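Dear colleague,

Please find below the structure that I am handing over to you.

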Amino acid sequence: MLTKKSAAGIGIGLVAVVLGTFFLLQTITSNAHDVNDTVDIGKSDVFQFDAEKHYHEFLNVTGSSFHVHMKTPGTGLQVDKDFQKQVSFDWYSLENGKHFINITNAGGSMLHVTGKLEAVTNPIIFTSHLIVISSGVLIIGISAAFSIRRPKGF
């Protein structure tokens with residue numbers, strides 16, 4: 001027979017395992033990040049991410065005047081120039097490595113930055129999901145052990 005405390009512990013452990021598993025699967029399956037930003041006058045929007053070879057990247061910038069500084073790994077897309085009204089970048093990563101994009105608003109209106117950037121997931125995020133799952137399993141195990149044989153003092 002389960003006590004109220006054991007049932008609550010098992011329930012909390014199950015919630016932790018389910019949430020950890022959901023977010024772990026979401027991290028594994030989704031590496032595309034939708035971008036929909038606005039940049040105030042005189043401000044910058046910076047994107048820095050790691051991408052694998054053959055990942056498809058797309059970025060569209062709309063505004064009165066702006067400067068784009070972009071570096072991709074190897075002999076990929078390299079841009080350091082001023083633009084007016086609108087510019088679109090559509091490229092594939094030629095090598096594994098770090099992408100750097102800095103968009104500075106130099107005009108008299110707000111910038112709109114939209115696009116889709118595919119990036120490699122940070123391994124620390126992956127590890128944190130595993131820690132949540134293992135903590136939930138540990139909570140379930142301890143709660144189930146308390147229901148089998150209640151230790152002194154509980």
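Asp34 counts as exposed, with a relative accessibility of 63%. In this message, exposed means over 50% relative accessible area, buried means under 20%, and partly exposed lies in between (1.4 Å probe, protein chains only).

Please note that this is a predicted model, in which local features need pLDDT of at least 70 and side-chain atom pairs count only at pLDDT 80 or more, whereas totals for chains, interfaces and linings use all residues. Residues are numbered from 1 along each chain as its sequence is written, and side-chain values use heavy atoms, with hydrogens and water left out.

Salt bridges

How many salt bridges does a search of the whole structure find? The search finds 2, a salt bridge being a side-chain nitrogen of Lys or Arg within 4 Å of a carboxyl oxygen of Asp or Glu. Side chains of opposite charge can pair when their charged atoms come close.

Asp34 takes part in one of them: its side chain meets that of Lys116, at 3.9 Å from N to O. Because Asp34 belongs to strand 1 (residues 32-39) and Lys116 to strand 6 (residues 111-118), this pair ties together parts that are 82 residues apart in sequence. Lys116 is partly exposed, at 43% relative accessible area.

Asp50 forms a salt bridge with Lys98, and their closest N and O atoms are 3.6 Å apart. Asp50 is in strand 2 (residues 44-51) and Lys98 in strand 5 (residues 97-105), so parts 48 residues apart in sequence are tied together by this pair. Both residues are partly exposed, with relative accessible areas of 37% for Asp50 and 45% for Lys98.

The chain as a whole

From the N terminus on, the order is α-β-β-β-β-β-β-α. The chain is more spread out than a compact globule, because its radius of gyration is 24 Å, well over the 15 Å that the globule rule gives for 154 residues. That radius is taken over C-alpha atoms, and the rule is 2.2 Å times the number of residues to the power 0.38. Along its principal axes, the C-alpha trace spans about 75 × 35 × 20 Å. Of the 154 residues, 32% are buried.

Strands 3 and 4

Strand 3 (residues 56-71) pairs with strand 4 (residues 78-92) in the antiparallel sense over 15 bridges; pairing requires that DSSP finds at least two bridges between the strands. Met70 has Val79 in strand 4 as its bridge partner. The hairpin has 6 residues between these strands, and Gly74 in it takes a positive phi near 65 degrees.

The buried residues of helix 2 are His129, Ile133, Gly136 and Ser143, and their cover includes helix 1 (4-29).

Yours sincerely,
A colleague

Conventions: Helix = DSSP H or I, 4+ residues; strand = E, 2+ residues; numbered from the N terminus. Contact = heavy atoms within 4.5 Å.
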